[in-house]
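Here is a briefing on one protein chain. Keep the sequence and the model side by side while reading.

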Amino acid sequence: NGVEIFKSEYIDSVNPNTAVSPFFSKKNNIYIPMSSTKIAQRSGSGTLKMLLVNDSLWNIVDTEEQAHFIMRYVFDDRGSDKAYIEVEDRMGKKVYMSPKVSARDFVPWHAGEESAEKLYKIIKRVTKKKK
C-alpha cells in the first residue's frame, strides 16, 4: 500500500493549519500518493508527480505528514476509462476536483501517462488563471 514509515520522528511534519489559501499557492506542500494495484493508476500518479516536481509549481513531498494538501490522480475504469485529480486538505475536505479526461489506451501504462499529461495541462491553466 505504499511507503510505511517506521521512525516517524525523522520526518519533518507540517502543521496542516499552516497551509496557505488557495491550495495552489507555491508555499504549500503537496503529497501525491502513488501506490495502487492498477498499472494505469501508478503510471498516472508517477507521471503527474514527475511533471509537478520538474515544474516547481509546489513543493512536492514524499509523505502525507509533510504535506498541507493531498493531490490524488484517480484512474476510473467504470464505463469508458477516464482520469481526474482530487485535492484534499489533511482533514479530508475536498478543495479541488479537475474535469475528467479520457484515459484509454491498449497499454495501461500509457493510459496513465497520457491522461496525467492532460491533467497537468489543466492544473497549469487553473493555477495561472487564479493567480
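The points below cover fold, core and selected side chains.

This is a predicted model: local features need pLDDT of at least 70, side-chain atom pairs count only at pLDDT 80 or more, and totals for chains, interfaces and linings use all residues. Residues are numbered from 1 along each chain as its sequence is written, and side-chain values use heavy atoms, leaving out hydrogens and water.

**Fold**
- The chain has two helices and six strands (DSSP runs numbered from the N terminus: H or I, at least four residues, for helices; E, at least two, for strands).
- Their order from the N terminus is β-α-β-β-β-β-β-α.
- The C-alpha trace spans about 45 × 40 × 25 Å along its principal axes.

**Core**
- The largest nonpolar core has 27 residues. Such a core is a set of buried Ala, Val, Leu, Ile, Met, Phe, Trp, Tyr and Cys residues joined through side-chain atoms within 4.5 Å. Buried means under 20% relative accessible area, with a 1.4 Å probe and protein chains only.
- Phe23, Leu48, Leu52, Trp58 and Met71 touch the most other members.
- α1 (39-55), β3 (69-76), β4 (82-89) and α2 (108-130) each supply at least two core residues. The largest share, six residues, comes from α2.
- Leu48 contacts (heavy atoms within 4.5 Å) Ile32, Met71, Tyr73, Ile85, Ala116 and Tyr120, not counting residues up to four places away in sequence.

**Gln41**
- Gln41 lies in helix α1. Gln41 is buried, at 14% relative accessible area.
- Beyond residues up to four places away in sequence, Gln41 touches Ser36, Tyr73, Val74 and Phe75.

Technical notes
Buried < 20%, exposed > 50% of the residue type's maximum accessible area, 1.4 Å probe, protein only.
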